[in-house]
Amino acid sequence: MTDTTQVVVIGGGYAGVLAANRLRQRTDVHVTLVNRRPAFVERIRLHQLVAGNNDAVEDYAPLLAEGVRLVVDNAERIDAAAHQVQLASGGTLDYDYLIYAVGSTGSVPAGVPGAAEFAYPLSELEPARRLADRLADIPESAPIVVVGGGLTGIEAAAEFAEAGRPVSLATDVLGPSLGAGGRRSVANRLAKLGVTVIEGAEVARVAADRVTLADGRELTSAVTVWTAGFGVPKLAAASGLTTDTLGRLRTDETLTSLDDRSIVAAGDAACPSGLPLRMSCQAALPMGAQAANTVLARVAGRQPATLNQAFTGQSISLGRRAATVQLAHLDDVPLPMHLGGRFAAAVKEAVCKGTVSFLAREARKPGSYFWLKGGKRARRVMESVT
């Protein structure tokens, strides 16, 4: 029996970094963070990377607590029986506890002819860089079509339009997670920027120079950006662990895998009680903290606490000079209240900077991160099983 506990964290995004840092409250917990890139990616700034006003990358050095070992590699398989992670390089990592924080990925549907070949996703660093390179190769007057009216699609369309590019946004519903007032605020700003919003649209085909809608309309497109839908890495499913239909790891309310109490999940790739939280940075940070708390409780021989976090709303950048902040109930249901314009843009930028500062502060002082708690999580879980 050893005197130390080995914890492997898979995924160096918002949830994984927060969890890795928080584990360092105990010096007898040794933490290894596995990430396929040597730098931290600010996913919430990838649309800025494409527009050329931010590189969306931060050095890990100030973001990781002393004692957290970074392994730049891909996790290819989790051998739960052996408590081992198999790496793409051929190496292995043994663990006493594993935190699964692999995040989410873009999803270009294979069922839409031409989408996989011609559309550019915008959910990860490498696709975003390829899109930026593509935009650099075409004139500013060349038309862009953004597919998907969720927050990523809205932010991308606004950023490109503010840079002077002609943009059309094709979606079923614009801002489906927003309240009516927040949706109007977004629509008004997009209109002011010159974005053509086509609602009720279903994409039937993507070609190199156009997007064809299900009703037969064609949108000329030098570049098609696909933001409709997200997926998750298939590591958990490929490792024989129980997942939901999207591939998220199924857990209980302590974020512990239904299959193995030594595996804990956090962030976009976690599905607690079959009721996953909205994929967002806002959810990832508290979940990373709660995943670490679950491991630390087990190390200390205590019963872990259950998931307890609240939402405050959604902030959507609309270029560099405006934004919409949709306020929400603690259970993430939109309130009939929103902020807009330049003040909202300042709030949005503060939120973006704040996420990185939270990670850096937790690195300097593990255990210092705190989050808003509340909402109706326990009631929702009870209702789902009755």
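Q: How many bridges join strand β1 to strand β2?
A: Strands of a sheet pair through backbone hydrogen bonds, either parallel or antiparallel. In this predicted model, β1 (residues 5-10) and β2 (residues 29-35) run parallel and are joined by 6 bridges.

Q: What is the order of the strands in the open sheet?
A: The order is β5-β2-β1-β9-β21, which gives 5 strands with parallel pairing. At the edges are β5 (68-72) and β21 (263-265), each pairing on one side only. From one strand to the next, the twist averages 20°.

Q: Which strands does helix α1 lie across?
A: Helix α1 (residues 14-23) lies across β1, β2, β5 and β9 (97-100), and runs at about 165° to β2. Now look for helix α8 (residues 281-299): this helix lies across β1, β2, β9 and β21, at about 170° to β9.

Q: How many helices and strands are there in the chain?
A: The chain has 10 helices and 25 strands. Its radius of gyration is 21 Å, close to the 21 Å that the globule rule gives for 386 residues, so the chain is as compact as a globular protein of that length. The C-alpha trace spans about 65 × 45 × 45 Å along its principal axes.

Q: What share of the residues is buried?
A: Buried residues make up 53% of the 386 in the chain. As for the surface, the chain exposes about 16,500 Å², with carbon and sulfur atoms supplying 51% of that area.

Technical notes:
Residues are numbered from 1 along each chain as its sequence is written. This is a predicted model: local features need pLDDT of at least 70, side-chain atom pairs count only at pLDDT 80 or more; totals for chains, interfaces and linings use all residues. Side-chain values use heavy atoms; hydrogens and water are left out. Two strands pair if DSSP finds at least two bridges between them. Helices (H or I, at least four residues) and strands (E, at least two) are DSSP runs, numbered from the N terminus. Axes are lines fitted to C-alpha atoms, for helices over the stretch in contact, and angles run from 0 to 180 degrees between N-to-C directions. Contact means heavy atoms within 4.5 Å. The radius of gyration is taken over C-alpha atoms; the globule rule is 2.2 Å times the number of residues to the power 0.38. Buried means under 20% relative accessible area, exposed over 50%, partly exposed in between (1.4 Å probe, protein chains only). Accessible areas come from the Shrake-Rupley method with a 1.4 Å probe; for residues, only the protein chains shown count as cover.
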